[in-house]
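Colleague: I would like to learn how features are read from a model of a protein. Could you take me through one, step by step?

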Amino acid sequence: MQVDFYHLTTTPLDRALPQIAEKVVASGARLLIVAEDPEQRAQLDRLLWIYDPESFLPHAQAGGGGDALQPVLIAGSVDAANGARHVAIVDGRWRDEALTFDRAFHFFGEDHIQAARTAWRGLGDAADVERRYWKQSDTGRWERAA
């Protein structure tokens, strides 16, 4: 199981998340996006429709019917009704339920840095978990820092 920590410093979530989602879907996998706040989920739903006029990323919010068919599902909890094996936690709050997936993407900004550090340390002793920490350079390029 792999956990990728993405420290958002230059590129905001609304630019970083669609890139990850596209890569997951292009690989033939499914993605669960988790945010507890209903307004954030609604914003993410709108974002994935409009982020790039040249592409289409099929997705839906959980509970809207047809959840099992969605390549990308936005939910308030770590419940992959779409059968996803990849999960993106986008509200800065790590959830250990993500460890049941093959890969987790944990996005956080400065306002959640302490919680991310706690999660990083907590996963250090977890069996079968590979942690990766990604930070952004001054130009916005993602660089693996750990």
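Predicted model: local features only at pLDDT ≥ 70, side-chain atom pairs only at ≥ 80, totals over all residues.

Colleague: Which residues line the largest pocket?

Modeller: Rolling a probe the size of a water molecule over the atoms shows where empty space is left. On a 1 Å grid over the protein atoms alone, a pocket is an open set of points where a 1.4 Å probe fits, with protein on both sides within 12 Å along at least five of seven lines, and lining residues have an atom within 4 Å of a point. Here the lining consists of Tyr 6, Ala 16, Gln 19, Ile 20, Lys 23, Val 24, His 86, Arg 103, Phe 105, Trp 134 and Trp 142. The elements that give two or more residues to this lining are helix 1 (13-26) and strand 6 (103-108), and helix 1 gives the most, with five residues. Helices (H or I, at least four residues) and strands (E, at least two) are DSSP runs, numbered from the N terminus.

Colleague: How many aromatic pairs are found in the whole structure?

Modeller: Rings of Phe, Tyr and Trp (its six-membered ring) pair if their centres lie within 6.5 Å, and planes under 30 degrees apart count as stacked, over 60 as edge-to-face and the rest as tilted. A search of the whole structure finds ten such pairs. In one of them, the ring centres of Phe 5 and Trp 94 are 6.3 Å apart and the planes stand at 25 degrees, so this pair is stacked. Phe 5 belongs to strand 1 (residues 2-7) and Trp 94 to the loop between strand 5 (86-89) and strand 6, so the pair ties together parts that are 89 residues apart in sequence. Trp 120 and Tyr 133 make an edge-to-face pair, with 6.2 Å from centre to centre and 80 degrees between the planes. Phe 5, Trp 94, Phe 108, Trp 120 and Tyr 133 form one aromatic cluster.

Colleague: Which residues touch the most other members of the largest nonpolar core?

Modeller: In soluble globular proteins, nonpolar side chains tend to be buried together. A nonpolar core is a set of buried Ala, Val, Leu, Ile, Met, Phe, Trp, Tyr and Cys residues joined through side-chain atoms within 4.5 Å, where buried means under 20% relative accessible area, exposed over 50% and partly exposed in between (1.4 Å probe, protein chains only). Of the 23 residues in the largest core, Ile 33, Leu 44, Val 90 and Phe 107 touch the most other members. The largest share of this core, six residues, comes from helix 1.

Colleague: Is Asp 128 buried or exposed?

Modeller: Asp 128 is exposed, with a relative accessible area of 70%, and its place is in the loop between helix 3 and strand 7. Most residues other than glycine have a negative phi. Asp 128 has a positive phi of about 60 degrees although it is not a glycine.

Colleague: Is Ile 89 buried or exposed?

Modeller: Ile 89, found in strand 5, is buried, with a relative accessible area of 0%. Its C-alpha atom and that of Glu 36, 53 residues apart along the chain, are separated by 9.4 Å.

Key:
Residues numbered from 1 in each chain as written. Heavy atoms only, no water.
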